[in-house]
Amino acid sequence: MEVFCPNCPQRYRIPIDRVPTKPRMVMCNTCGNTWMQHFPKPGSLSALGSIKTHGNIRPVKRPIYPKAVLTVLQEEAALEAKLRS
Ligand SMILES: [Zn+2]
């Protein structure tokens, strides 16, 4: 969400997961103004058009061997089979 300084054009962006649940005294770093900032309830944040963070969770993949490694393994297997025969 965004917090606007009432005294100057400065605005601050607060990550959605760091928005306090209770009103807090905040200070503007630009002009030094302090004010009581009220924050919306967590559930109503999406209504304000704030940016949602999409969970970028990838499914766990099995290790894929590079082709060069596979070739070596196949050669080793072929060699071993030859030696045993
Ligand atoms: Zn300010």
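The chain has four strands and one helix, where helices (H or I, at least four residues) and strands (E, at least two) are DSSP runs numbered from the N terminus. This is a predicted model, in which local features need pLDDT of at least 70, side-chain atom pairs count only at pLDDT 80 or more, and totals for chains, interfaces and linings use all residues. Residues are numbered from 1 along each chain as its sequence is written. Read from the N terminus, the order of elements is β-β-β-β-α.

I turn now to one pair of strands. E3, residues 24–27, pairs with E4, residues 34–37, in the antiparallel sense over four bridges; pairing requires that DSSP find at least two bridges between two strands. Arg24 stands opposite Gln37 in E4, and Met27 has Thr34 of E4 as its bridge partner. Together E3 and E4 form a hairpin, with six residues between them. Within that turn, Gly32 has a positive phi of about 80°.

Finally, the chain as a whole. How much of the chain do buried residues make up? They account for 1% of its 85 residues, a residue being buried if 20 or more other C-beta atoms, placed from the backbone, lie within 10 Å of its own. Of the contacts between residues at least 6 apart in sequence, 29% join residues at least 24 apart; a contact requires C-beta atoms, placed from the backbone, within 7 Å.

Conventions. Buried ≥ 20, exposed ≤ 12 C-beta atoms within 10 Å, placed from the backbone. Contact = placed C-beta atoms within 7 Å.
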